[in-house]
Amino acid sequence: MGAVPPLRAIFGMLAIGALTVGVAVPASAAPEAVASSVAATSATPSRTDAASRTDAASGTGAASRTNAASGTGAARAKLALPWLRTSVEQVLRAERARAGLTGTDIPGTASGRLVVVAGSVDAPRPAARVMSVRVEVEDGLPVDGAAFADFALAVLNDERGWGHDGSVAFARTDGAADLRVVLASGALTDALCYPLRTLGEVSCGTAGRAVLNAERWSQGAEAFLTAGGTLTAYRQYLVNHEVGHLLGRPHQACPTAGASAPVMVQQTLDLQGCLPNGWPAR
Ligand SMILES: [Zn+2]
């Protein structure tokens, strides 16, 4: 994916109420985050050698941080790297599959044709209001529609979701629906979100549709990931944020640096000092 530094500035000047803003993400951002946690839990204690003492003293770099915490020598950490890399790839592949992604090449333009995911699922619990949701995926994307639909509905009905207070629950349908959750290429996202300007990069929630940009769904967003969020957490955020717009929720600002971000903060662009959070109930 090409870097698009000007977008941050461009989006920063847009004053569009129901627009989620995002930028391209370095491919290394997510694996690094996962690699740190895997390394921290899998390192084997060993003798401390000169190399590791040097690393611990300097405190720079992922390997040295792992060494400082575990006492594992730098040489041994390097030897373990191929195994760690395999583990990280397995974790990421499993996360992608759970989100419905069947490939890593997300085209900027696909067929332009939405396919409704077949099937219906009752709301998991009673609520003051049950809203029906139709899930649609653009044909031509490397996506398993059923898996994506399961992921999206699980997020919506999570006890940390919009129905945490018993106000709403979500049922899935493939017929007429109260709202639609759509996974689309950048080009189709732009068309569906118009007149909001998503510029092939970002998502929107408008006109009864939460349109999730497939590139963001796949890669996440730099601001969210560099602030410590995971790709799965970003996907949870994206569903809740865009559906939040359909429930009438406007954007919010980070209330206090270091606080968990309200889900209606535009966390694709800027956490404003808050911590990443994808849930309405914090
Ligand atoms: Zn938004």
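Select strands β5 (residues 204–206) and β6 first: 3 bridges join them, and they run antiparallel. Strands here are DSSP runs of E of at least two residues, helices are runs of H or I of at least four residues, and both are numbered from the N terminus. Two strands count as paired if DSSP finds at least two bridges between them. The model is a predicted one, in which local features need pLDDT of at least 70 and side-chain atom pairs count only at pLDDT 80 or more, while totals for chains, interfaces and linings use all residues. Residue numbers start from 1 along each chain as its sequence is written.

Within this pair, display threonine 206, whose bridge partner in β6 is arginine 209. The hairpin of β5 and β6 has 2 residues between the strands. Select alanine 207 in that loop; its phi is near 55 degrees, a positive value in a residue other than glycine. Most residues other than glycine have a negative phi, and most peptide bonds are trans. Alanine 207 is partly exposed, with 14 other C-beta atoms within 10 Å. A residue is termed buried if 20 or more other C-beta atoms lie within 10 Å of its own, exposed if 12 or fewer, and partly exposed in between, with C-beta atoms placed from the backbone.

Next, select all of β6, residues 209–213. Because 5 of its 5 residues are buried, β6 is largely enclosed by the rest of the structure. Arg209, Val211 and Asn213 are buried on one side, and Ala210 and Leu212 on the other.

Val182 and Val211 lead on to the largest nonpolar core, which has 54 residues. Such a core is a set of buried Ala, Val, Leu, Ile, Met, Phe, Trp, Tyr and Cys residues joined through C-beta atoms within 7 Å. The residues with the most contacts inside this core are Phe148, Ala152, Leu156, Val182, Leu183 and Val211. In soluble globular proteins, nonpolar side chains tend to be buried together. Which residues does leucine 156 touch, not counting residues up to four places away in sequence? They are Val133, Gly161, Trp162, Phe170, Val239 and Val243. A contact requires C-beta atoms, placed from the backbone, to lie within 7 Å.

Now select helix α7 (residues 186–193), which is mostly covered, with 6 of its 8 residues buried. Those buried residues are Gly186, Leu188, Thr189, Asp190, Leu192 and Cys193. Their cover includes β2 (129–138), β4, β5, β6 and α8 (214–219). Move on to proline 195, in the loop between α7 and β5. The peptide bond from tyrosine 194 to proline 195 is cis, with omega near 15 degrees.

Two further stops remain. Glutamine 272, in the segment after α10 (231–246), has a positive phi of about 55 degrees although it is not a glycine. Glutamine 272 is partly exposed, with 17 other C-beta atoms within 10 Å. Arginine 93, in helix α5 (residues 74–98), is exposed, with 12 other C-beta atoms within 10 Å. Arginine 93 and glycine 103 are 10 residues apart in sequence and 9.4 Å apart in space, C-alpha to C-alpha.

Finally, display the whole chain, which comprises 10 helices and 6 strands. Of its 282 residues, 41% are buried.

Notes: Two residues are in contact if their C-beta atoms, placed from the backbone, lie within 7 Å.
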